[in-house]
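Subject: Structure handover

Hello,

Here is the structure you asked about. My notes on what turned up in it follow below.

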Amino acid sequence: MIAGSLFLCLNVTTIAPIMLNELNPTADGWRKTMCYYLFANLSFFVIARMITYSYRYINVAIVERETRGVVYLTLMAAQREFIVQIRNWKEIIFHLGQITFGGLFLGFIFYNRPYSGPVFEMLSTSCSTTTNFDIFNAVCLFMQIPADDPIIAISSLSSLTVALCAVSYSISVFGKELTVFKRESCTGSNTGAYYIGKSLAHLPMTLFAPICFLLSFSGLAVLKADWGVHFVIITMTYATFTGVGYTISLITPARVSQLAGIFFVLVCMMFSGGQPTLQQLKTNELLGNALYLPTFVSYTRWVNELVYLTEIKLYTTNYKPMNQLYGYVTEDEIFCWCMVTTFLLFFRIVAYIALVVKE
């Protein structure tokens, strides 16, 4: 409980300045926010080690016996996990088929559908939605709606497909061997070596599954951005939700792990800014911006925005429809990369802490 509370406080201190800056942006505030954000992000590793060591020395009995080196134990854990994967080859084939089918389905849906801007492109760039006349504001907003904008749906459905596949597969990685891990930890085995070894054993899947998805999807859908950029984004999404699956399998009972993983992904999608958009969440008639604040802690909000910004700049230089409809800003692309990386590290570290607690 103490370990979880401390790490939650660290996460709050990382996200809080970002939320405050977006709600009240200033040039100086942005620089201060980024400095504070990077400092807190680098502190993840230090705080994580402090938490795990504190928990271990307070709650776990010290076993005085000789053990092999960390590198050897890591390689042994990786080798054993490789053997388990080979024996469960049917599960691997099913998982790759699952994510490939998802890519094919989305490819058929978005086949030959490039972005098409507003019909009255020139009028929409000079039109204002902040006049004193509601009728003019409504007409101007209508003129800024693109004729066809599949990018927002592509980003949302792609992240949803990859996230669901990653969570459903990764829940069994640590969950099935929890009893074995507890028995081995009593003999003084190295938890860090065990965690890193199993993670390394699943690294090929973390790289190959996104390739299967992208090959099936990009062969049909229209993606203008570089294939390598989309591969990095999809791989980071897959790796992030793999960490989510690890964590859920360690903190929830086995009978509800799958349900908890799916529920977590769906909650993230609710606050992803795809549908409803960030603008709609920010201006809710009943709750004001209360529904907008959770988007800061939703991974899918940042990855959806990142995919959209990566694609839209190759179609048009008129970003006014994007700003008005979705609340995206082109200057936030680097910031989205930072947030996606942060969530990847965060969930991986939380999974490690949850494993230490199980010692």
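Gln 98 is found in helix 4. This is a predicted model, and every value below was computed from it. With a relative accessibility of 29%, Gln 98 counts as partly exposed. Leaving aside neighbours within four places in sequence, Gln 98 is in contact with Cys 165 and Ser 168. Its C-alpha atom is separated by 9.6 Å from that of Ala 209, a residue 111 positions away along the chain.

His 95 also sits in helix 4. His 95 is buried, because its relative accessible area is 2% and the cut-off for buried is under 20%. Not counting residues up to four places away in sequence, His 95 touches Cys 165, Ala 166, Tyr 169, Met 205, Ala 209 and Tyr 238. Between the C-alpha atoms of His 95 and Ser 168 there are 8.8 Å, with 73 residues of chain separating the two.

Glu 91 is another residue of helix 4. At 28% relative accessible area, Glu 91 is partly exposed. Its contacts, again without residues up to four places away in sequence, are Tyr 169, Ser 172 and Lys 176. The C-alpha atoms of Glu 91 and Tyr 169 are 8.6 Å apart, and the two residues lie 78 positions from each other along the chain.

Helix 4 and helix 10

Helix 4 covers residues 89–109 and packs with helix 10, residues 203–218, at an angle of about 30° and with the axes 7 Å apart. Angles under 35 degrees count as roughly parallel, so that is the description that applies to helix 4 and helix 10. Their crossing is right-handed. On the helix 4 side, the contact is made by Ile 92, His 95, Leu 96, Ile 99, Thr 100, Gly 102, Gly 103, Leu 104, Leu 106 and Gly 107. Helix 10 contributes Met 205, Phe 208, Ala 209, Cys 212, Phe 213, Ser 216 and Phe 217. By type, the residues of this contact are 11 nonpolar, six polar and no charged. His 95, described above as buried, is one of the residues in this contact.

Helix 7 and helix 11

Helix 7 (residues 151–175) packs with helix 11 (residues 227–251), the axes being 7 Å apart and the angle about 40°. Helix 7 and helix 11 are therefore oblique to each other. Helix 7 passes helix 11 in a right-handed crossing. From helix 7 the contact takes in Ser 159, Val 162, Ala 163, Ala 166, Val 167, Tyr 169, Ser 170, Ile 171, Val 173, Phe 174 and Gly 175. From helix 11 it takes in Ile 234, Thr 237, Tyr 238, Phe 241, Thr 242, Val 244, Gly 245, Tyr 246, Ser 249 and Leu 250. These residues divide into 14 nonpolar, seven polar and no charged. Ala 166, Tyr 169 and Tyr 238 are among the residues of this contact, and His 95 touches these three as well.

Cysteines

How many disulfides does the structure hold? The number is zero. For Cys 338, the closest cysteine sulfur is that of Cys 336, at 9.1 Å, which is too far for a bond; the cut-off for a disulfide is 2.5 Å. Cys 165, touched by both Gln 98 and His 95, counts as buried at 5% relative accessibility.

Backbone points to check by eye

Most residues other than glycine have a negative phi, and most peptide bonds are trans. Two places depart from this pattern. Asn 112 is not a glycine, yet its phi is positive, about 55°. Asn 112 is placed in the loop between helix 4 and helix 5 (121–126), and at 56% relative accessibility it counts as exposed. The peptide bond from Gln 275 to Pro 276 is cis, with omega near 10°. Pro 276 is in the loop between helix 12 (257–270) and helix 13 (278–282).

Overall

The protein has 16 helices and zero strands. It contains 359 residues, of which 47% count as buried. Among contacts with a separation of 6 or more, 81% are between residues 24 or more positions apart.

Regards

Methods:
Residues numbered from 1 in each chain as written. Predicted model: local features only at pLDDT ≥ 70, side-chain atom pairs only at ≥ 80, totals over all residues. Heavy atoms only, no water. Axes fitted to C-alpha atoms, helices over the stretch in contact; angles between N-to-C directions. Helix = DSSP H or I, 4+ residues; strand = E, 2+ residues; numbered from the N terminus. Parallel < 35°, antiparallel > 145°, perpendicular 65-115°, else oblique. Left-handed = near helix turned anticlockwise from the far one by under 90°. Contact = heavy atoms within 4.5 Å. Nonpolar A, V, L, I, M, F, W, Y, C, P; charged D, E, K, R; others polar. Buried < 20%, exposed > 50% of the residue type's maximum accessible area, 1.4 Å probe, protein only.
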